[in-house]
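Subject: Structure for you to look at

Hello,

Here is the structure I promised to pass on. Please open it first, then read my notes below.

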Amino acid sequence: MKLKVIVHEAEEGGFWAEVPAIPGCATQGDSFEELLTNLYEAIEGCLSVDIEAPATSEKSRIMEIAV
């Protein structure tokens with residue numbers, strides 16, 4: 001999976017980034033390298049959150065897949 005990330009230079013130094021495809025997914029770092037490390041952790045955390053239990057019926061099933 002590829003995601004576009006918008007990287008900003010912070011006014012107080014360092015960087016911060018946001019992932020437009022995942023609302024609310026953002027992080028920061030004092031260096032660009034730290035920002036990249038934090039981005040992987042933030043994206044993983046944002047994607048692993050179950051917001052609401054999906055509705056199921058007798059003919060449906062819930063599966064997890066890796067992408």
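The radius of gyration is taken here over C-alpha atoms, and the globule rule is 2.2 Å times the number of residues to the power 0.38. For a compact globule of 67 residues, that rule gives a value near 11 Å, but the protein chain has 16 Å. Keep in mind that this is a predicted model.

**Overall form**

Along the principal axes it spans roughly 55 × 20 × 15 Å. Of the 67 residues, 19% count as buried. The chain exposes about 6,000 Å², and carbon and sulfur atoms supply 53% of that area. Now take the contacts between residues at least 6 apart in sequence. Of these, 14% join residues at least 24 apart.

**Elements**

The protein chain has one helix and three strands. Read from the N terminus, the order is β-β-β-α.

**The hairpin**

Start with strands β1 (residues 6-9) and β2 (residues 15-18). They pair in the antiparallel sense, over four bridges. Find H8 and look across: W16 in β2 stands opposite. Five residues lie between the two strands of this hairpin. In the hairpin, G13 takes a positive phi near 105°.

**Q28 in strand β3**

Next, go to Q28. This residue sits in strand β3 (residues 26-29). Is Q28 buried, exposed or partly exposed? Its relative accessibility is 44%, so Q28 counts as partly exposed. Buried would need under 20%, and exposed over 50%. Which residues does Q28 touch, leaving aside neighbours within four places in sequence? The contacts are F15, W16, L35 and N38. W16 is the residue that stands opposite H8. A10 and Q28 are 18 residues apart along the chain, and their C-alpha atoms are separated by 8.6 Å.

**The nonpolar patch**

A nonpolar patch of about 760 Å² is made by M1, L3, V5, V7, F32, L36, Y40 and L47. Which element gives the most to the patch? Helix α1 (residues 32-47) does, with four residues. F32 belongs to this helix. Because its relative accessible area is 37%, F32 is partly exposed.

Best wishes

Technical notes. Residues are numbered from 1 along each chain as its sequence is written. This is a predicted model: local features need pLDDT of at least 70, side-chain atom pairs count only at pLDDT 80 or more; totals for chains, interfaces and linings use all residues. Side-chain values use heavy atoms; hydrogens and water are left out. Two strands pair if DSSP finds at least two bridges between them. Patches are made of residues with over 30% relative accessible area and no salt bridge: like charges are joined within 9 Å, nonpolar side chains (Val, Leu, Ile, Met, Phe, Trp, Tyr) within 5 Å. Accessible areas come from the Shrake-Rupley method with a 1.4 Å probe; for residues, only the protein chains shown count as cover. A salt bridge is a side-chain nitrogen of Lys or Arg within 4 Å of a carboxyl oxygen of Asp or Glu. Buried means under 20% relative accessible area, exposed over 50%, partly exposed in between (1.4 Å probe, protein chains only). Contact means heavy atoms within 4.5 Å.
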